[in-house]
Amino acid sequence: MNCEQARILLMGYLDGELDSEQEKELRRHLDTCPACRAEWESFKNLKEDTSNMKFKLLPEMYWDEYWEKVYNKIERGLGWIFFSIGAIILFGFGFYEMFRDFFMNPKEPLALKLGVGFLSIGLIVIFVSVLREKLMVRRVDKYRRVIR
Ligand SMILES: [Zn+2]
């Protein structure tokens with residue numbers, strides 16, 4: 001490997017993009033070539049400096065905004081969970097009221113009641129989930145329109 005090749009590989013090495021073969025070749029060259037080693041040291045320091053600087057200069061505002069977004073996300077997530085639970089309970093209650101005679105009839109076998117019960121709970125959960133998705137998608141669409 002000559003110096004020119006080594007300098008090109010240095011950048012990739014710095015970003016961790018070299019495969020192990022290239023890395024070995026480069027290291028071998030750096031061991032034998034003081035000029036490239038000096039170049040490598042300065043690259044390395046420069047990179048450390050800029051990443052330290054970025055971290056220090058990160059404005060306080062950015063973090064505030066970041067946490068606000070995280071909080072909003074959690075809040076909204078909780079909102080949707082309560083929405084789902086509420087909707088499932090209401091629909092379930094309505095369904096139970098509609099078929100109360102069936103559920104209360106001692107002549108109907110328990111297995112049939114359980115089957116119908118679980119089947120309807122499943123349907124209600126799926127329905128609420130689809131409803132929630134539709135509401136969410138509509139909100140996202142509205143947001144997209146604002147951006148465009
Ligand atoms: Zn060299």
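User: Where does Phe103 sit?
Analyst: Phe103 lies in helix α5, residues 100–104. Helices here are DSSP runs of H or I with at least four residues, strands are runs of E with at least two, and both are numbered from the N terminus. This is a predicted model: local features need pLDDT of at least 70, side-chain atom pairs count only at pLDDT 80 or more, and totals for chains, interfaces and linings use all residues. Residues are numbered from 1 along each chain as its sequence is written.

User: What does Phe103 count as, and why?
Analyst: Phe103 counts as partly exposed because it has 14 C-beta neighbours inside 10 Å. A residue is buried if 20 or more other C-beta atoms lie within 10 Å of its own, exposed if 12 or fewer, and partly exposed in between, with C-beta atoms placed from the backbone.

User: What does Phe103 touch?
Analyst: Not counting residues up to four places away in sequence, Phe103 touches Tyr96 and Lys113. Two residues are in contact if their C-beta atoms, placed from the backbone, lie within 7 Å. Phe103 and Lys113 are 10 residues apart along the chain, and their C-alpha atoms are separated by 6.2 Å.

User: OK, α2 then. Which of its residues are buried?
Analyst: Leu26, His29 and Leu30 are the buried residues of α2. Seen down the axis of α2, they fall within an arc of 100°, so they line one face of the helix. That arc is taken over the directions from the helix axis to the C-beta atoms.

User: And which are exposed on the other side?
Analyst: Ser20, Glu21, Lys24, Arg28, Asp31 and Thr32 are exposed there.

User: How far does α2 reach?
Analyst: Helix α2 covers residues 20–32, and its 13 residues reach 19 Å from first C-alpha to last, close to the 18 Å expected at 1.5 Å a residue. The expected span is 1.5 Å times one less than the number of residues.

User: Which residues form the largest nonpolar core?
Analyst: It has six residues: Ala6, Leu9, Leu26, Leu30, Cys36 and Trp40. A nonpolar core is a set of buried Ala, Val, Leu, Ile, Met, Phe, Trp, Tyr and Cys residues joined through C-beta atoms within 7 Å. The elements giving two or more residues to this core are α1 (3–14), α2 and α3 (34–57).

User: What does Leu9 touch?
Analyst: Leu9 touches Leu18, Gln22 and Leu26, not counting residues up to four places away in sequence.

User: Last one, where is Met1?
Analyst: Met1 is in the segment before α1. Leaving aside neighbours within four places in sequence, Met1 is in contact with Ala6, Glu25 and His29.
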